[in-house]
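Please keep the structure open while you read.

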Amino acid sequence: MQIVCLGVVSYIIYQIYRSLIKRIAKSGEWQSVSNDSTEQFVCGSEYKSFFGDLPRIQSSENGRFMNDLHRELGCPHVYRIWMGPEPALMLAHPQAVRDFWSKHDEKKVERDVHLGWPLEMLMGNGVGFRSMDDRSRITKYFHTAFGASQVRHFDEQIEQTVEQFFNTFQSDQIASEDIKYLAHDVAVYLFFGETGFEHLNELHSLVDELRELMIEAFNARWTNLPIVGYYFLPNSYKLRKRIHSFNKRIRQVVSRVNLLLTMNSLFLISFSS
C-alpha cells in the first residue's frame, strides 16, 4: 500500500512538473516576420528542464554550443535559447540586428540580466547590465579615458609587447596555454605603465585564480540559485570565502602598484624641478 501511495504521489509531482515546464515553454513562443511578410515562430532549442540549455552549454566541447545549435537550426538570422526558465533571443545576423533596433528604442529597452550570485560577486554589475542612463554615463567616462585618441599613445608599447610574445615561439603552432596571458600583458602597460611588468608573476597568478573561480561559478547549477544556493549549500560558503579572498587580493595588488606609480611620479616631478 505504501508503495502504491508513493507511486501515486510521484506521478502527481511529475505531472505538475511537466505542466510547469510546458507553461514556461509557452513564454518562449515568439513570432517573427519573414522576408515574405509571413508570421512564424522563432525557432530554437526545446525547453525540457528547469535549467534550460545550461547543462548543454556547460558540457559543450570548447564552448561551441551556440555555434553548433545555430547550425542544427539551419543557420537562422534569429533563434532562441533557454537561460534557465527564461528565454533569450539571439540575433545571429547583421540584418537581424538592424531590424531589431529599427523597431526598438534603445533608451526604452531594459537590459534585465540576472546573474547567479557567484558571477555577480566576481563581475559586479557591468556596463551591459545597467540602465540606459547608467550605461551612457559610464560609457562617456570610459571613452574619455580609453578612446582611440588616448589609446594611440600606447600603440608602440602594445606592438612591442605583442611582437616580443610571438618572438619567443619557434613554431607556428601556439597552444592556448601559451597565449592565455597575452591580452592581459598587452593591457598591463595601458593601466599600470612600466611598473606593472614588475608584478607580472603576481598578476598572472590572479588571472589563473580568476579563471578557476569563473569556471566553478558558471558550472555550479544549484549553487547559482538565489536563496537555496546562497544559504543552504555547504559548497557555497567555501566559494564565497574564496571569492572574498580573491577580491581582497586584487585590491591589495592594485593599491600596491598604484602606490608605486604615485611614488615614481612624485620622484620624477621632484627630479625635474
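## Salt bridge between E72 and R56

In this predicted model, the side chains of E72 and R56 form a salt bridge, with an N to O distance of 3.8 Å. The pair links distant parts of the chain. E72 sits in helix α3 and R56 in helix α2, 16 residues apart.

How exposed are the two partners? E72 has a relative accessible area of 57% and is exposed. R56 is partly exposed, at 39% relative accessibility.

## Two further bridges

The salt-bridge count comes to 5. Another of them joins the side chains of D208 and K180, at 3.3 Å from N to O. D208 belongs to helix α11, while K180 is in the loop between α9 (176-179) and α10, so this bridge ties together parts 28 residues apart in sequence. D208 is partly exposed, with a relative accessible area of 25%. K180 is partly exposed too, at 31%.

E202 also forms a salt bridge, with R256 as its partner. Their closest N and O atoms are 2.7 Å apart. This pair links distant parts of the chain as well: E202 is in helix α11 and R256 in helix α13, 54 residues apart. E202 has a relative accessible area of 26%, so it counts as partly exposed. R256 is partly exposed, at 35%.

Where does D53 lie? D53 is in the loop between β2 (39-41) and α2 (54-59). This residue is buried, yet it has no salt bridge. The nearest side chain of opposite charge is R56, 4.3 Å away.

Which polar partners does D53 have? Its side chain makes a polar contact of 2.5 Å with the side chain of S45. A polar atom of the D53 side chain also lies 2.7 Å from the backbone nitrogen of W82.

## The second largest pocket

The second largest pocket holds about 340 Å³ of space. Its lining has 13 residues. Closest to the pocket centre are H184, F192, L203, I250 and V254.

Which elements give two or more residues to this lining? They are α10 (182-192), α11 (200-219) and α13 (234-272). Helix α10 gives the largest share, 5 residues. By type, the lining divides into 12 nonpolar residues, 1 polar and no charged.

Y237 lies in helix α13. A polar atom of the Y237 side chain is 2.6 Å from the backbone oxygen of Y231.

Most residues other than glycine have a negative phi. C75 is not a glycine, although its phi is positive, at about 55 degrees. C75 is placed in the loop between α3 (65-72) and β3 (78-83). Its relative accessible area is 45%, so C75 is partly exposed.

Key:
Residues numbered from 1 in each chain as written. Predicted model: local features only at pLDDT ≥ 70, side-chain atom pairs only at ≥ 80, totals over all residues. Heavy atoms only, no water. Helix = DSSP H or I, 4+ residues; strand = E, 2+ residues; numbered from the N terminus. Buried < 20%, exposed > 50% of the residue type's maximum accessible area, 1.4 Å probe, protein only. 1 Å grid on protein atoms, 1.4 Å probe; cavity = no way out; pocket = protein on both sides within 12 Å on 5 of 7 lines; lining within 4 Å. Points joined across faces, edges and corners; volume = space filled by probe spheres on them. Nonpolar A, V, L, I, M, F, W, Y, C, P; charged D, E, K, R; others polar. Lys, Arg positive; Asp, Glu negative; His and termini not counted. Salt bridge = Lys/Arg side-chain N within 4 Å of Asp/Glu carboxyl O. Polar contact = N/O pair within 3.5 Å; in protein donor to acceptor, adjacent residues only side chain to side chain.
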